[in-house]
Amino acid sequence: MAEPKTNELMEKIVSLCKRRGFIFQSSEIYGGINGFWDYGPLGAELKKNIRDRWWDDMVRRRDDVVGLESSIIMHPKVWEASGHVGGFTDPMVDCKASKQRFRADQIFFAAVVVDGQTAGYVSALESERIAEELQEKAETFKRKKAIQGKLEPVHAREFTEAKPEEIPLIPSPATGEPGSLTPPRGFNMMLETNVGALRDESSVAYLRPETAQGMFVDFKAIVDTGRVKVPFGIAQIGKSFRNEITPRNFIFRSREFEQMEMEYFISDQDDWQKWHRYWIDWCRDWLLGVGLPANLLSEFDHPKEKLAFYSKGTTDIMFQFPFGVQELWGIAARGDYDLTQHAKFSGASLMYFDEAAKRRYVPHVVEPAVGIDRILLAILCSAYCEDEAPDDKGKLETRVVMKFHPRIAPVKVAVFPLLKNKPELVKKALAVRDLLRPHLTVFYDEAGAIGRRYRRQDEIGTPFGVTVDFDTLGEKPELLDTVTLRDRDTMQQTRVKIADLVPLLLEKIR
Ligand code: GAP
């Protein structure tokens, strides 16, 4: 059976990322390490553009949000207070036959019911077409066992909902055979290390699983500096670490990733729903601003009964990835839980004194939290396009083009001399490169036929190409000191003056 189209698209994206230097498997020459990724030259640029834009929009262009860079390793009590040591677990299931581990909430199963009788069970890992897959497996099961009668439509359930007596009858997704899956048990995702010369219980510390706690722990220090007044936010960008049971879908779920989080502190008497909605809309607009199409974004409100006891409401902005609609950005109303917990565990007062109202209280928090890697993946998935363009001999060929928004494209403009063996063209093209370089990320390329050079830039999403040709040198006197400016998406070329290039490109990129 042919692979579903969605997997083909992911394979193409992963392969392009490796081929063109966006993302590599970490430690690849040693066989790789699961859940860790390296960003190559273009990936590092793309990531930096996302990070810089978020910081500009979230911190620099606002009066009510300040930045923070807290340490990755914090006092271990921070994670007791936050609830991570006790409760940052995912339900894990082992397959004793294959020695594979699964997250219980990613295994789905269904009873095979024929003429009202349960004849057995089928299972599958979470996917876009889980119901169809289980139905197909139930039909195959009935046929192979030569069971007569009418098969009822399957009803998919999460493995976490399996009754103890059902567990031995559910086939392992690894082997297809029942009897090897263990009941789910909590698996703590905190990555531990030891700090100091001794390696014992007292030296245990954790790599942070989120950047958020830095903002709560430093709340008092920031308020004491006197720059901020409720409502205000503290924002941070930085690495987080989680020992995910099943890292997967490329960089979607990794064990080391980078978060951009902001804790927005509001009065305990303020309307949290108003601020929650405000930040959901802000995040959505921000995603549109980096080029994600509106039709691939949606919202998911966490059901009240599944929220943590302190949470007033959580809404996720979802993105339609090739492997399904998944969480991109979570916006949570966390009440006063975090500050209250840290006050309790540290003994410090984390009350805020409202000068105007002459009132002391613990502020409440609305938190937009997102992973850069996940935004980057969403950008890669929505930017990937294939169309047709003529090659140097005029024959139509498939063109791969990454339609990055010019704002976040890793390279903004490529500069080409028409021919590399004409020193006058090369000299002029290098001068154009040097003119643009202080303002934009520029790539100079003189190798190969011009059509191939355009293709190479299309594949890495460079929105503009500047070509220096004989007219630039004055072959047609009226075109002296002009170049062709090529648009990646339309492939149209216009003639522009070199002197106009910088303002023109800056305008287009903005
Ligand atoms: N402080 C709240 C918090 O960390 P979360 O939903 O666990 O909430 C926030 O994480 C965001 O971080 C997610 O929406 C996602 O974008 C990103 N994220 C979480 N776990 C991740 C992982 N293992 N790999 C990549 N990104 C992850």
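**Notes on packing and the ligand site**

1. Leaving out residues up to four places away in sequence, Trp 286 is in contact (heavy atoms within 4.5 Å) with Ile 50, Arg 53, Trp 54, Asp 57, Met 260, Trp 329 and Ile 375. The model is predicted: local features need pLDDT of at least 70 and side-chain atom pairs pLDDT 80 or more, while totals for chains, interfaces and linings use all residues. Residues are numbered from 1 along each chain as its sequence is written, and side-chain values use heavy atoms, without hydrogens and water.

2. The largest nonpolar core has 59 residues, of which Trp 54, Trp 286, Trp 329, Ile 375 and Phe 404 touch the most other members. Such a core is a set of buried Ala, Val, Leu, Ile, Met, Phe, Trp, Tyr and Cys residues joined through side-chain atoms within 4.5 Å; buried means under 20% relative accessible area (1.4 Å probe, protein chains only). Helix H10 (residues 372-383; a DSSP run of H or I, at least four residues) gives the most to this core, with 9 residues.

3. Around the ligand, the shell (a heavy atom within 4 Å) holds 18 residues, with Glu 210, Arg 242, Glu 261, Glu 327 and Leu 328 coming nearest. Strand S19 (a DSSP run of E, at least two residues) supplies the most to this shell, 4 residues.

4. Polar contacts are pairs of N or O atoms within 3.5 Å. A polar side-chain atom of Glu 367 is 3.0 Å from a ligand nitrogen atom, and a polar backbone atom of Gly 371 is 2.9 Å from a ligand oxygen atom.

Methods
Buried < 20%, exposed > 50% of the residue type's maximum accessible area, 1.4 Å probe, protein only. Polar contact = N/O pair within 3.5 Å; in protein donor to acceptor, adjacent residues only side chain to side chain.
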